[in-house]
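Please open the model in your viewer and keep the selection panel at hand.

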Amino acid sequence: MENANRRLAAIQRTLAAAGSWRRVLVLPDGARIDVAEAKDITQIAMDGAVIGTFRTLPRSLALVISAVGTPHEKTATHVPKFPLLELRPPTPGASFSIADFWVLIYTLHTLFHAQETIPIVLSPEIKNVPELDEYLLTSGLARKRHTLPEDTSSAAEPEYFLPREMFWQGAGTTSYHTRGWLQGQAARLAAGPFPYTQSFTRTSLVIAAHPLRPPKPRQGEVLYRRYIPSLGQMVEFAHFDLDGVSGPLVECEGEQVSHHLATFHRWHNSDHVNRGWGERGPLSKHREYVRGLMADPGVVPVMMSWDGELMGYSEMVYIKENHVAPYVPGGAWDYDRGLHVLVGEEKFRGIQRSLGWFTAIHHLLFLSDLRTERVIGEPKAVNAAVIKLSEAAHMNVQTIFDFPYKRSVITWLPRERFFKYDVLSFVEDKDIAAFK
């Protein structure tokens, strides 16, 4: 076995030197995922070591659902067919760990992101096929061919379908391994949603009954991290560190303050942020602004970064106890979420970067609680850039309305739509060298 591993490593080094490997992902824990295509086999490597392979078999399958049991079952050509893939271990007779197998599935959904489903079979060379079968079906990563209730034949068939929308909902991550996008408290809450009991908010702007909200994360705690392939960078969201508990202090207006607060203060005193937010002022004003949010159970302030460099800020709110709730058509639901956002660094502006973080933060909101069915925005009606960004992320403008101080639109993103479309892959041709 040791000699075989040495030979495999030598082959990998040869392929890397020849430029055959290409980077497709970086996991939230920093592990690098590369692929190499040779003849009919594609190898998948993590940090230079092959963890699995796959090949395309000479047939295609469609996941037909509503036509099953009708005269249209055999003629449902409107349902797309996709090539069947065989997943194989790195060496014959080897087992997959659950964590590595999820990485293999993640890579497939990155390579074949345009497909609604990916049909697969597990090679008989995999030692722990029964364990993987249970993982795929119990976690929701995969489903079998659809049948009528009295027909159980598909259970014994080797084919599985990997639905894109189930994967991006976090199937196979929380409670199975720690390689998923949610981090810290966000991952813990997703594993077991915070139980329901009623609470109440009474302020000068809001009088509302609503569910009790979870305690805030620790200051500076990372909540979400995901690699955006088209940009070759990792987007990260962290709870605001007001008191400097997660890193060294920096000088700002003659004081030693947290990096988050100093950056937030600088951004709000820039012309382009002040035009949208109108919060220009001294450090003391911005400290008290954030302190008020930290004390509000209905708001989670987060700092956003690319590869660890701060680039923007967001307030993730619960709509039911927010001042926009009376304007929501049909009324706010218990777990509706909303956002207020800004990009502070000029170099990180632009539609592609904005789509990257904008869809990622919606992903965080939907993953954080399965009961969140909608994310609702309320940008100014004259803010064409934010409305265009919202529509590019598959939100729709639901209505137009007047606050006492501005005219806004309600933008609307249902959970089902967000996960149904190819919103999160962000795969474009980009030459990112592998094994470096």
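What follows is a sequence of selections, each with a note on what is there.

This is a predicted model, in which local features need pLDDT of at least 70 and side-chain atom pairs count only at pLDDT 80 or more, while totals for chains, interfaces and linings use all residues. Residues are numbered from 1 along each chain as its sequence is written, and side-chain values use heavy atoms, with hydrogens and water left out.

**First stop: H2 and H3**

Select residues 98–111, which form helix H2, together with residues 129–139, which form helix H3; their axes lie 11 Å apart and the helices pack at an angle of about 60 degrees. Helices here are DSSP runs of H or I with at least four residues, strands are runs of E with at least two, and both are numbered from the N terminus. The axes are lines fitted to C-alpha atoms, for helices over the stretch in contact, and angles run from 0 to 180 degrees between N-to-C directions. That angle makes H2 oblique to H3, given that angles under 35 degrees count as roughly parallel, over 145 as roughly antiparallel, 65 to 115 as roughly perpendicular and the rest as oblique. Now show the side chains of Ile98, Phe101 and Trp102 in H2, which meet Glu131, Leu132, Tyr135 and Leu136 in H3, contact meaning heavy atoms within 4.5 Å. By class, the residues of this contact of H2 with H3 are 6 nonpolar, no polar and 1 charged, where Ala, Val, Leu, Ile, Met, Phe, Trp, Tyr, Cys and Pro count as nonpolar, Asp, Glu, Lys and Arg as charged, and the others, Gly among them, as polar.

**Second stop: H6 and H8**

Move to helix H6 (residues 259–268) and helix H8 (residues 283–294), whose axes are 10 Å apart and which pack at an angle of about 115 degrees. H6 is therefore roughly perpendicular to H8. From H6, the contact draws on Leu261, Phe264, His265 and His268, and from H8 on Leu283, His286, Arg287, Tyr289 and Val290. These residues of the contact of H6 with H8 divide into 5 nonpolar, 3 polar and 1 charged.

Next, select H9 and helix H10 (residues 384–392), whose axes come within 10 Å and cross at roughly 60 degrees. H9 and H10 are therefore oblique to each other. In H9, Ile351, Ser354, Leu355 and Phe358 meet Leu389, Ser390 and Ala392 of H10, a contact of H9 with H10 that has 5 nonpolar, 2 polar and no charged residues.

The structure holds 4 cavities of 30 Å³ or more. On a 1 Å grid over the protein atoms alone, a cavity is a set of points where a 1.4 Å probe fits but cannot get out, a pocket is an open set with protein on both sides within 12 Å along at least five of seven lines, and lining residues have an atom within 4 Å of a point. Grid points are joined across faces, edges and corners, and a volume is the space filled by probe spheres set on the points. The largest cavity holds about 280 Å³ of space. To find this cavity, select Gln185, Leu189, Tyr318, Arg337 and Ser368, which lie nearest its centre among the 21 lining residues. H5, strand S15 (309–318) and helix H9 (351–368) are the elements that give two or more residues to the lining of the largest cavity, and that lining divides into 15 nonpolar, 3 polar and 3 charged residues.

**Last stop: the second largest pocket**

Finish at the second largest pocket, with a volume of about 530 Å³. Of its 25 lining residues, Gln169, Gly170, Ala171, Thr173 and Thr174 are the closest to its centre. Helix H4 (164–168) and helix H5 (184–191) each supply at least two residues of this lining.
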